[in-house]
Amino acid sequence: MAFQKPTGTQDLLPGVVEKWQFVEEKIRDLCRRFNYREIRTPIFEQTTLFERGVGETTDIVEKEMYTFKDKGDRSMTLRPEGTAGVVRAFVENKLYGEPDVTKLYYVGPMFRYERPQAGRQRQFHQFGVEAFGAVDPAIDAEVIALGYQFCVELGLKDVTVEVNSVGNAASRAAYREELLGFLRPMKDTLCKDCQNRMERNPLRVLDCKVDQDKFVGAPSILDSLDEEATDHFAKVQSLLKDFDVDYTVNTRLVRGLDYYTMTAFELKAQGIGAIDTVGGGGRYNGLVGDIGGPDQPGIGFGIGLERIQLILEHQNIDVSALAPLDVYFVALGEAADREVNRQLFKLRQSGLSGERDYLGRKMKAQMKSADRYKARYTAILGDDELERGEIALKAMDTGEQQTVKLEELITTIQGVK
Ligand code: HAM
């Protein structure tokens, strides 16, 4: 029987993987400029970390985790998101002891048992950032602007940010009561999930895709914010204006994870179908404490890289430019063949890229190969040229051919680079 990849996973083949490399290079360059440093945490963690960190009433923990017992009978889970693991590492490695704000980023696979569709996978990839140790609204605005700038620099069009404030614990408790007052009379008309969720987590009910229309007159959380949260949210917004971030306030934005406090936001791209959220994030001022660390605030986002790829494709943004090969070598004869191997190795050592034929093909087939690799030059060596210490160099764009000394081959190519 032939094997197939697991449902909801992808093979990223040459031709496509260059697009991923392009996006990953952008991430590293951007994070360097914003002074975020990379962190790599395990792909699996103790199940309780996610139960406690992400929240027991979330879809992720209730239905979507890849959980297994290891051979020591411990319950482990493939990470469904990046924040919980980074917070665990922040606490375990006592990064909170550093004098500056800790600004981290990560890129890697996450796992959720979801029904696969365009932009929704069971193994997907996130670019995420997390900043710990500051309550200053400037860090909220920086994190949001970083996610937005990432999309802008990739050339994505029509990306907008929706922001909201879900307040601190006190204002959320006040809002909870208000909202329950609004929801209880309509309980019987709501979907099963919402009915179950209502008393435990009424804010999440507003997030329901099925019942959206019924919540038009719902009270706004912004009216329940205390002075501190109101002030914080106003400052975040004025900074976003300074940074020219295209944002709107969406008072019903609550996000699907339980750890958020104060600022919550999502990056949206219109026109890519039902799933239009590219990324999301927010503040989590209680999470570090919840998982056993000191009382330290945090804020971050996660951006789905499959969705980024989808938009790049949908908007016809070509980042695929397969880096052209500098030189394709063609050897005619046995002695020439050996010399080509030496020249190719020297070329690669010098920083240029090169390739040769390994299949004993005729010259014509080798020239076709050079075309497929988009080689800038073909270097053709026969036994006669070899005796003279020369090689024929053909520029593939103009078809022009010249003879150069073997020892000058690399400098000649470097000279016209
Ligand atoms: P999240 O909203 O669950 O947040 O996920 C962030 C992004 O990951 C989504 O907007 C989406 O682009 C992508 N994503 C999620 N699930 C899938 C899936 N099954 N297939 C493809 N892409 C997916 C978080 O994960 C938080 N940890 C973000 C955060 C960081 N908040 C604070 N810090």
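Arg-283 is buried, at 0% relative accessibility, where buried means under 20% relative accessible area, exposed means over 50%, and partly exposed lies in between (1.4 Å probe, protein chains only). The side chains of Asp-140 and Arg-283 meet in a salt bridge of 2.7 Å, N to O; a salt bridge is a side-chain nitrogen of Lys or Arg within 4 Å of a carboxyl oxygen of Asp or Glu. Asp-140 belongs to helix H5 (residues 137-154) and Arg-283 to strand S10 (residues 277-283), so the pair ties together parts that are 143 residues apart in sequence. Helices (H or I, at least four residues) and strands (E, at least two) are DSSP runs, numbered from the N terminus.

This is a predicted model, in which local features need pLDDT of at least 70 and side-chain atom pairs count only at pLDDT 80 or more, while totals for chains, interfaces and linings use all residues. Residues are numbered from 1 along each chain as its sequence is written, and side-chain values use heavy atoms, leaving out hydrogens and water.

Other salt bridges lie within a single helix. In helix H1 (residues 17-33), Arg-32 and Asp-29 are three residues apart, about one turn of the helix, and their closest N and O atoms are 2.9 Å apart. Arg-32 is exposed, at 57%, whereas Asp-29 is partly exposed, at 27%. In helix H3 (residues 59-64), Asp-59 and Lys-63 are four residues apart and form a salt bridge of 3.8 Å, N to O. By the stated rule, the count comes to 30 salt bridges.
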